[in-house]
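Welcome! Take a moment to turn the model around, and then let us walk through it together.

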Amino acid sequence: MGMATDPTASAGQHVVRCRGLTKTFRSGARETRALRGLDLDVAPGEWLAVMGPSGCGKSTLLHLLGGLDTADGGSVEIDGDDLARLSEARRAVLRRARVGYVFQFFNLVQDMTVAENVELPMLLVGSGRPAARRRCRELLADVGLGELERALPSQLSGGEQQRVALARALANRPGVLLADEPTGNLDTEAARQVLGLLAAQHAAGQTIIMVTHDPRVAAAADRLLVMQDGRFAEGEVLSAESLLAGPAAREA
Ligand SMILES: Nc1ncnc2c1ncn2[C@@H]1O[C@H](COP(=O)(O)OP(=O)(O)OP(=O)(O)O)[C@@H](O)[C@H]1O
């Protein structure tokens, strides 16, 4: 399988579109240019993997796409809406309903049950309790955790917690699912299960942007982009096979 590596390669309409995105963090005299004019297009239904060295700006990018932080310059559009032009109220709706977020360390609410965690984003956007209950049951069945809906997160394994986090992220049927190293804190078997669930979502048409350090995880995606110094590296053609073979084989 060959992978296109042009960050703006997809034609037609886009679920996500970034142009000239910049973000600089300042603490005292220290300045970190986390994003330096990044361009990106993601087509509906696409599964994009993002790799790159530690500190190259991967998490910062996902935070901006998810409305968890704001850019200094450039633009982010989700389904054609420029995030910088949204009111704070509409940005809150975007965070809660139009994007879904899965984090490396799950970030479940510890004193809420599994079901309460999954229902929360639906109740926050005004779904009625019966509808939230129904959808929660469906989502937990999809991730294979129907039996655990009354458990607390601390009673679950890491893999189970990440499956709950995935159900929660999908609750409001987001246009794009953002996953920041979703398998980074899991053992091999749990990682395989989470990757299988992402693949099932992809097969059902879900757009996914996934940051990972694991080439085997990246190889499951449709397209891989490599980030370097706050931008996508262009012109580097990577296939799934060469990715799995490692850097030495790629140079040969
Ligand atoms: N809130 C912040 N305040 C100051 N600097 C920050 C902040 N968030 C990120 N940075 C810096 O911005 C740069 C990009 O960070 P980011 O977390 O996006 O990288 P990353 O590619 O996700 O790294 P990793 O693979 O280690 O998670 C880093 O140098 C980081 O130290």
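Which residues does Ala167 touch, not counting residues up to four places away in sequence? Ala167 touches Val118, Leu139, Leu140 and Val143, where touching, or being in contact, means that the C-beta atoms of two residues, placed from the backbone, lie within 7 Å. Before going further, please keep in mind that this is a predicted model, in which local features need pLDDT of at least 70 and side-chain atom pairs count only at pLDDT 80 or more, while totals for chains, interfaces and linings use all residues. Residues are numbered from 1 along each chain as its sequence is written.

Let us step back to the whole protein. It has nine helices and ten strands; these are DSSP runs numbered from the N terminus, with helices being H or I of at least four residues and strands being E of at least two. Of the 252 residues in the protein, 40% are buried. A residue counts as buried if 20 or more other C-beta atoms, placed from the backbone, lie within 10 Å of its own, as exposed if there are 12 or fewer, and as partly exposed in between. Among contacts between residues at least 6 apart in sequence, 74% join residues at least 24 apart.

Now for the interior. In soluble globular proteins, nonpolar side chains tend to be buried together. Here the largest nonpolar core holds 64 residues, and the ones that touch the most other members are Val16, Leu48, Leu65, Val118, Ala167, Leu178 and Ile209. Such a core is a set of buried Ala, Val, Leu, Ile, Met, Phe, Trp, Tyr and Cys residues joined through C-beta atoms within 7 Å. Helix H5, residues 158–170, gives the most to this core, with six residues.

The axes of H3 and H5 come within 7 Å and cross at roughly 25 degrees; axes are lines fitted to C-alpha atoms, for helices over the stretch in contact, and angles run from 0 to 180 degrees between N-to-C directions. H3 and H5 are therefore roughly parallel to each other, since angles under 35 degrees count as roughly parallel, over 145 as roughly antiparallel, 65 to 115 as roughly perpendicular and the rest as oblique. Val114, Asn117, Val118 and Pro121 in H3 meet Val164, Ala167 and Arg168 in H5. By class, the residues of this contact are five nonpolar, one polar and one charged. For these classes, Ala, Val, Leu, Ile, Met, Phe, Trp, Tyr, Cys and Pro count as nonpolar, Asp, Glu, Lys and Arg as charged, and the others, Gly among them, as polar.

On to another partner of H5: helix H6, residues 188–203, packs with H5 at an angle of about 15 degrees, with the axes 9 Å apart. H5 and H6 are therefore roughly parallel to each other as well. From H5 the contact uses Gly158, Gly159, Gln162, Arg163 and Leu166, and from H6 it uses Ala190, Gln193, Val194 and Leu197. These residues divide into four nonpolar, four polar and one charged.

Next, look at helix H3, residues 114–124. Its buried residues are Val114, Ala115, Asn117, Val118, Glu119, Pro121 and Met122, and what covers them includes helix H2 (88–98), helix H4 (129–142) and H5. The axes of H3 and H4 come within 9 Å and cross at roughly 125 degrees, and these two helices are therefore oblique to each other. Val114, Ala115, Val118, Glu119, Met122 and Leu123 of H3 make the contact with Ala132, Arg133, Arg135, Cys136, Leu139 and Leu140 of H4. That contact has nine nonpolar, no polar and three charged residues.

Phe106 is in the loop between strand S6 (99–102) and H3, and has a positive phi of about 70 degrees although it is not a glycine. Is Phe106 buried or exposed? Phe106 is buried, with 23 other C-beta atoms within 10 Å. Arg173, in the loop between H5 and strand S7 (176–180), also has a positive phi, of about 50 degrees, although it is not a glycine. Arg173 counts as exposed, with 11 C-beta neighbours inside 10 Å. Finally, Arg17 lies in strand S1, residues 16–27, and is partly exposed, with 19 other C-beta atoms within 10 Å. Not counting residues up to four places away in sequence, Arg17 touches Asp41 and Glu77.
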